[in-house]
Amino acid sequence: MAADAIALAMLDMFMDSEGEEMECLMEATQHLTTHLREDRTKTEGYFEETIPNYLPDDFKRFFKMNRETFDVLCQHLSECEQLKQRVCAGGREPIPMEKKVLMTIRYLSSMDTIRSLSDRFGVTDSSFLKCREQVINAINSSLKKFIKWPTTGDYLSISERFNDTGSYEFPNIIGAIDGSHIPIEAPAEDANAYYNRKGFHSILLQGICTHDLYFISINVGYKHRYFVSRNNCMNITLTTSTTFHLTFTKRNCTFLFQYIY
């Protein structure tokens, strides 16, 4: 950006110059813009040397998870086809899977730009984007292993533990449900469908978790506005043909998900 701005600023000087003076100005501009572009340096050895020396608290603060959780995540993701190493003759060394995962985790958990992250991890912007896509696709393909709706045989034990978490009785609770608006730019088509009551465009993220904060259902991407009925509750039917009772009783800013015997 700086190089482009300088080049544009010097364009006016070209208009009033001719002959040898113009040649000198063009050489100076080329030298200056080349120098500015070369100013973008990548961090050497950040993944190989710096991260292994992070203290546990530093690692967790930077990547929002501890090393043990990261190791488990990598163990499961290594089984995904998207992240399997492909051996190619010649060319650059392939980016290790662990490095791809760390880059993506940092991207998802921070406001860092792609440019700053690619420089920090010593990769090109295009390589970073490709790694990010591979890791996110691998995570999405693995979600069903970990985020699963409980079986009917688990309902009673889950509801008992929910009932024991506070001083008030909430019988038959099998999950706490809540949602969040993820801000987006207004789409070119059907923008009104993405406009929420808070006054900005968004897509909806909904999650349901058990008493111990394990997610049992997530859904993201809905664009339509949702309105809560004036009635206390609504009935819904899942694919299991089991009828549940969704009670809009707020407790600690979370709605509770009940079932009917």
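Trainee: What percentage of the 261 residues of the protein count as buried?
Mentor: Of the 261 residues, 29% count as buried. Please keep in mind that this is a predicted model.

Trainee: How many helices and strands does the protein have?
Mentor: The protein has nine helices and six strands. As for its contacts, among those with a separation of 6 or more, 51% are between residues 24 or more positions apart.

Trainee: Which residues have the most contacts inside the largest nonpolar core?
Mentor: They are Ile51, Phe63, Phe70, Val101, Leu102 and Phe121, in a core of 26 residues. Two or more residues of this core come from each of helix H3 (46–50), helix H4 (56–63), H5, H6, helix H7 (114–121) and H8. H6 gives the largest share, five residues.

Trainee: And what does isoleucine 51 touch?
Mentor: Leaving aside residues up to four places away in sequence, isoleucine 51 touches Tyr46, Phe59, Phe63, Arg67, Leu102 and Phe121. There is also a second, separate core of eight residues, which includes Tyr155, Phe170, Ile174 and Cys209.

Trainee: Since a cysteine came up, how many disulfides are there?
Mentor: The count is zero disulfides. Cysteine 131 has a relative accessible area of 4%, so it is buried. Cysteine 209 is buried as well, because its relative accessible area is 15%, and the cut-off for buried is under 20%.

Trainee: Back to the helices. Which residues of H7 are buried?
Mentor: Leu117, Ser118, Asp119 and Phe121 are buried in H7. The elements that cover the buried residues of H7 include H3, H4, H6 and H8.

Trainee: What follows H7?
Mentor: Glycine 122 follows H7, and its phi is positive, near 70°. The C-alpha atom of glycine 122 is separated by 7.8 Å from that of glycine 45, although the two are 77 residues apart along the chain.

Trainee: Where is glycine 45 found, and is it buried or exposed?
Mentor: Glycine 45 is in the loop between helix H2 (20–38) and H3. With a relative accessible area of 15%, glycine 45 is buried.

Trainee: Which residue other than glycine has a positive phi of about 65°?
Mentor: That is lysine 64, which has a positive phi of about 65° although it is not a glycine. Most residues other than glycine have a negative phi, so such values deserve a look. Lysine 64 sits in the loop between H4 and H5. Its relative accessibility is 51%, so lysine 64 counts as exposed.

Trainee: What is the phi of aspartate 190?
Mentor: Phi of aspartate 190 is near 55°, again a positive value in a residue other than glycine. Aspartate 190 belongs to the loop between strand E1 (173–183) and strand E2 (202–209). Aspartate 190 counts as partly exposed, because its relative accessibility is 42%.

Trainee: Staying with E2, is leucine 204 buried or exposed?
Mentor: Leucine 204 lies in strand E2 and counts as buried, at 18% relative accessibility.

Trainee: A change of topic: how much space lies in the second largest pocket?
Mentor: About 670 Å³ of space lies in the second largest pocket. Its lining has 19 residues, and Met65, Leu73, Leu108, Ile139 and Leu143 lie nearest its centre.

Trainee: How many residues of the lining are nonpolar, polar and charged?
Mentor: The lining of the second largest pocket has 13 nonpolar residues, five polar and one charged.

Trainee: Where is leucine 143 placed?
Mentor: Leucine 143 is in helix H8. At 29% relative accessibility, leucine 143 counts as partly exposed. Leucine 143 and isoleucine 218 are 9.7 Å apart, C-alpha to C-alpha, and 75 residues apart in sequence.

Technical notes. Residues numbered from 1 in each chain as written. Predicted model: local features only at pLDDT ≥ 70, side-chain atom pairs only at ≥ 80, totals over all residues. Heavy atoms only, no water. 1 Å grid on protein atoms, 1.4 Å probe; cavity = no way out; pocket = protein on both sides within 12 Å on 5 of 7 lines; lining within 4 Å. Points joined across faces, edges and corners; volume = space filled by probe spheres on them. Nonpolar A, V, L, I, M, F, W, Y, C, P; charged D, E, K, R; others polar. Disulfide = S-S within 2.5 Å. Buried < 20%, exposed > 50% of the residue type's maximum accessible area, 1.4 Å probe, protein only. Core = buried A, V, L, I, M, F, W, Y, C linked by side-chain atoms within 4.5 Å. Helix = DSSP H or I, 4+ residues; strand = E, 2+ residues; numbered from the N terminus. Contact = heavy atoms within 4.5 Å.
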